[in-house]
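Trainee: Could you please take me closely through one part of this model, the strands and their pairing?

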Amino acid sequence: MFADRRNGAGAPGGAPARPPLPGGALAPRSGSLAGQMVKIGMLGLTTALAVWAAFPLYSAGNWIGIGVVAAVTTLLFYVYLSPRAIPAKYLVPGTLLLVAFQILPVLYTVSTSITNFGDGHRGSKEEAIASIEASSVVRAADSVDYRLTVAAVGDPATGDLVFLLTDPEGRVQAGDADGLTELAPDAVTTDPSGRITEAEGYTLLGAAEVSARSAEITAFAVPSGDGSGIRSSGLSSAYEGDATRAYDADCDCIVDAATGARFTADDERGVFLDESGERLPQGWRVDVGWDNFAKVLTNPSVSGPFFGILLWNLAFAAGTVLLVFVLGLGLALLMHTDRLRGRRVYRVLLVLPYAMPSFAMLLLWRDMFNADFGLVNRLLGLDVDWLGGEWTARLALLVVNAWLGYPYLFLVATGALQSIPRELTQAARLDGAGAWQSFRHVTLPLLMVALTPILVSTFSFNFNNFNAVYLMTGGGPFPPDNPMVGGTDLLITYTYRLAFGGQGAQYGYASAISVFIFLIVAVISVVSLRRSRSLEETH
Amino acid sequence: MKIRSAGVFASATVLTLVATACGGGGDSGEAAQEEPSGTMVIWADDIRTKALLPFAEEFGEAHGIQVEVETIPNEDLESNFVTAHQAGSGPDIVVGAHDWTGNFVQNGAIDPVQLPEDKVAAFNETAIEAVTYNGQLYGVPYATENLVLIRNTELAPEAPSSVEELVETGAALKDEGEVEEILGLQVGQEGDPYHIYPFYTSAGGYLFGQDDKGDYDPSDVGVGTPESVAAFERIAELGEKGEGALKRSIDSQNVASLFQDGKTPFFITGPWSIPDVKTAGIDYEISAIPGFEDGEEARPFVGVQTFYVAAGGANKVLAQEFVTNYVTDPELAIALYEEDPRPPALTAALEQVSQSDPDLAKVTEAGANGDPLPAIPQMAAIWDPFGKAEAAVISGEDPEEAVTAAGKAITDQIG
């Protein structure tokens, strides 16, 4: 793995001196043997993975998928075998990762946001129809309970299916696709329950054989005269019944044979509706265009509280960043003074919150803020309904979040402080600067170079810190006049409630809201990174 | 080199990821047919997996097939099953609460089961009613559960006949310094509709009206109606600004320990809490949850644990066989009871276990008048706003405002 270091240090064995190109080790002819071997191994692995991925794609008939696999493999081979594509050697892996983990999910979210994908609208229209028909099979009122043996004519794997039936009176019959045939009692052998265990001319199916033909057997019905059929209910029993609803392609509707009701397909909403607008529960996934976005913008219960939530959301993220920064940096500075003894122990203790699972800690903190039984009130002798009041809940949330977050900043700040040469502050002191001045004008600017990206990422992380809010307060407390918007709701917890709280999961709607949040966070991140770049310039 | 080889490896990984992502768009039906036949898969949570295993093995041996029982955490079971069904990789049978039915049906994830009449008759009527959806039986029940009132007989020897009596006894004990709280009923900051429901019904409230077939009617939402406001006014009287029997500070985390430590004489909970109460050494007695003196009977929710047959399973015939012929066997019900003591839904099994466990009969009796948890998908819209209205009312806010807002939020969601 360190082969390139030798290469980079200069070509051994008196090879003509040439500038050590980045990526030179992967260019043909210049690499060491070990480097070559690793390269061959990696490319071999790539090929193996490609072949492995291609088989299921081939069997599923997914030619686009195979095309993508082939293209990516070819690209990788070209990049790593060609002597020319040196910059690409560095860029391709990162780019592919970016495509797979960033761009594809974003595109998928955007493409989902223009559909009605969600509970009741997950599959295709065909699946919805199949499900409606299968759910409408009802046992005939006068159905006889048969004992059933599944058999076939000839080969058990391919022969025509036959249901060997014993009715409660002990009469034995064979039912095939054409109807029922009486069997002679002496042509069959039955067990004590009356179930046929052997029959002349038929091959009985074992459980594994039944399992192999499961779909066929589930759909099989022996016509029994009056329009209904005898169907299997498991391996050993059968009943008489029929599907009462069927799809009629002519009217693109579902007709209920029992009531005569018609449910016409509405391809814009992905549901079957009857005249009164009543829908069948099973729907399908359709494109709804900008409806989800329009719903976010025009629904007063969504757009009304939006700015209030956004404001608190910004305050929460900024407040967390500020607290974490002050606490982390302050402690790091404190731990940086030489006079303090046992600094290692203190440092370990200070980083402890970082080592605890935040999920458990959040729940623990929630219990500590309990008004009647919580540690906080008992310890301080207070009687504050912490999580029941809007501002106290916000305060509690900030405190807990700062507690969870400061160790990270503390660690980074400690590292950054140690990397700042002491001569600089000493020089400042010699020039007559006080402790505060040398910190403010020498240490802090240097620290900020390392800390600003951390602060920006802390901000974006906390902007969407679902766990903290969801586990601590659940977004609450909620004003009595609106159970949908709580005092500590972030955009992300609020939209989670909108998209998944009410009518089950509404992925299309949730995606549309995600797109909005994505835009907000993207704008904030771009602006703040711009600002941090100006900081670097001062450095 | 380090960077570069990592790069190649990463790209190889990406390649596979991209490939599998594309593979997801493939025809899942075909893939299902290619699966090796003769394996039936059951999904259940950890408690039930343990009890099911021996029966699954027995069933497998009897039929010469392999049965796998996979553990999925209860809170993920419903959504995982729907997602897996969509991807064509779901199980053949799933075991869970009956109120998932509506969601499973609208996603086409389960098939109806056809039980002969004599088998239907062997079950508790409420249990069958619970698993019936749109006139179809969508699963086979095996256990029921409902809330009861557990009291500490050292502190409260007599079962209270009304809410008022309960509060009076509890408040007297609190004044004497014997206990800290009047009643252990979990509320929490976001409320708990499941646990407040008995009081809500006793005070005249309802969630959904019923149509002529006895099914819940999603177009008739009872939250926000004058009846529900009146009911919440009664609940407010018990709240923090009233008697102090209902408090948001009592939540699912601390309610059990309050009772087990003798800090409250009354505990409204389900059969799942009984083992811990026993372990804590509390002298207890179980009775039905009392209603308000001048009100209706308090009706708890009845939840039913159910075996569902997956619509997308590769082994539907075997799954139907297991559910119709094995789950209807009292022996399995008793084994499941021994793992997790909830009353069996099979009358015969209930009678048998009641002989050694008298609590069980009391639990079933307390739930005899209960309402099956609504299984319609619209129920999902109720939980959250209803709970929040409850929390607001208990904290002392105006019931009319809170309940009207909750009703509006619910009807907005149902659309």
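Mentor: In chain B of this predicted model, three strands form an open sheet in the order β11-β8-β12, with antiparallel pairing. Strands here are DSSP runs of E of at least two residues, numbered from the N terminus, and two strands pair if DSSP finds at least two bridges between them. At the edges of the sheet stand β11 (266-269) and β12 (284-287) of chain B, each with a single partner strand, so one side of each is left without a neighbour in the sheet. From one strand to the next the twist averages 25 degrees, where axes are lines fitted to C-alpha atoms and angles run from 0 to 180 degrees between N-to-C directions. Strand β8 (residues 148-152) of chain B is joined to β11(B) by four bridges, and the two run antiparallel; in this pairing Val148(B) stands opposite Thr269(B).

Another pairing in chain B involves strand β7 (residues 140-146). Six bridges join β7(B) to strand β13 (residues 301-310) of chain B, again antiparallel, and Pro141(B) stands opposite Thr306(B) of β13(B). Seven of the seven residues of β7(B) are buried, so this strand is largely enclosed by the rest of the structure. A residue is buried if 20 or more other C-beta atoms, placed from the backbone, lie within 10 Å of its own.

Residues are numbered from 1 along each chain as its sequence is written, while chains are lettered from A and ligands numbered from 1 in the order in which they are written. As the model is predicted, local features need pLDDT of at least 70 and side-chain atom pairs count only at pLDDT 80 or more, whereas totals for chains, interfaces and linings use all residues.

Key: A residue is buried if 20 or more other C-beta atoms lie within 10 Å of its own, exposed if 12 or fewer, and partly exposed in between; C-beta atoms are placed from the backbone.
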